[in-house]
Amino acid sequence: MEYQKAIQEVRKGKLKAVYTIFGSEIFLQQEFLQTLLNQFGEADNLDMARIDLTEQSLDAALDEAEMFSFFAEYRLIIVENVQFLNANSSQKLSASEETRLLDYIGNPNEASVIVFVVPVDQVDKRKKITKAFQKQTAFIEVNPLKEPEVARYIKHFVENEQLNITKEAVQELLV
């Protein structure tokens, strides 16, 4: 899914149950997560969990995702440092973890929104689990933008703020 399209859908309130953000552009990752947080309302009403897979297991993240919220309509679970989609990863899933994850993304809890943050530029598209993620989740690439993409991003950003900008002004920003 294209990054700008995903942002627009989130702003319209069209949330997916499972998002996968992959790429090394931290600014775009943070902007997407902030847009999601804004959709969930005030911090007081937010039922959110952050799971770092370098410190906790995937089972902990899936346990959080399968729980229902007592305080809010949705739960937001952000799973950071997901490396098992990368070809050269030291982070490996057991057979039971992989089966449980595939079952979850195939039939997610509609009361939860889970975001897998994969901080690499390339994923191993040959793996069964990667293919499942690409097919069954909102798979959003956030790699460093090239000049035409930056120009398009600036244009969309300005339009979303209900402002106007000329092509010359965009080119001046890029110089």
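## A tour of the sheet and its salt bridges

Start by colouring the protein chain by pLDDT (the predictor's confidence in each residue, from 0 to 100): the average is 88, and 98% of the residues score at least 70. This is a predicted model, so local features are reported only at pLDDT of at least 70 and side-chain atom pairs only at pLDDT 80 or more, while totals for chains, interfaces and linings use all residues. Residues are numbered from 1 along each chain as its sequence is written, and side-chain values use heavy atoms, with hydrogens and water left out.

Select strand E1, then helix H6 (residues 147-160). Confidence in the protein chain is highest in E1, at 95. Confidence is lowest in H6, at a mean of 84. Helices (H or I, at least four residues) and strands (E, at least two) are DSSP runs, numbered from the N terminus.

**Stop 1: the sheet**

Show the five strands. They form an open sheet in the order E2-E3-E4-E1-E5, with parallel pairing. Strand E2 (47-52) and strand E5 (138-141) stand at the edges; each has a single partner strand, so one side of each lacks a neighbour in the sheet. On average, neighbouring strands are turned by 15 degrees against each other, direction ignored. The angles are taken between axes, which are lines fitted to C-alpha atoms (for helices over the stretch in contact), and run from 0 to 180 degrees between N-to-C directions. Two strands count as paired if DSSP finds at least two bridges between them.

**Stop 2: strand E1**

Zoom to residues 18-22. E1 runs parallel to E4 (residues 112-118), and five bridges join the two. Pick Thr20: its bridge partner in E4 is Phe116. Pick Phe22: its partner in E4 is Val118. Now look across to E5. Four bridges join E1 to E5, again in parallel. Here Phe22 stands opposite Glu141.

Is E1 buried or exposed? Five of its five residues are buried, so the strand is largely enclosed by the rest of the structure. Buried means under 20% relative accessible area, exposed over 50%, and partly exposed in between (1.4 Å probe, protein chains only). In a regular strand, side chains alternate between the two faces of the sheet. Show the side chains of E1. Val18, Thr20 and Phe22 are on one side, Tyr19 and Ile21 on the other, and both faces are covered.

**Stop 3: salt bridges**

The structure holds nine salt bridges. The criterion is a side-chain nitrogen of Lys or Arg within 4 Å of a carboxyl oxygen of Asp or Glu.

Select Arg50 and Glu80. Their side chains meet in a salt bridge at 2.6 Å, N to O. Arg50 is in strand E2 and Glu80 in strand E3 (residues 75-80), 30 residues apart. Arg50 is partly exposed at 39% relative accessibility. Glu80 is also partly exposed, at 23%.

Next, select Arg100 and Glu66. Their closest N and O atoms are 2.9 Å apart. Arg100 lies in helix H4 (residues 95-106) and Glu66 in helix H3 (residues 58-66), so the pair ties together parts 34 residues apart in sequence. Arg100 is partly exposed at 22%, and so is Glu66 at 38%. With Glu66 and Arg100, they are linked in a network of salt bridges.

Finish at Arg126 and Asp124. Their side chains meet in a salt bridge at 3.0 Å, N to O. Arg126 is exposed, at 67% relative accessible area, whereas Asp124 is buried, at 9%.
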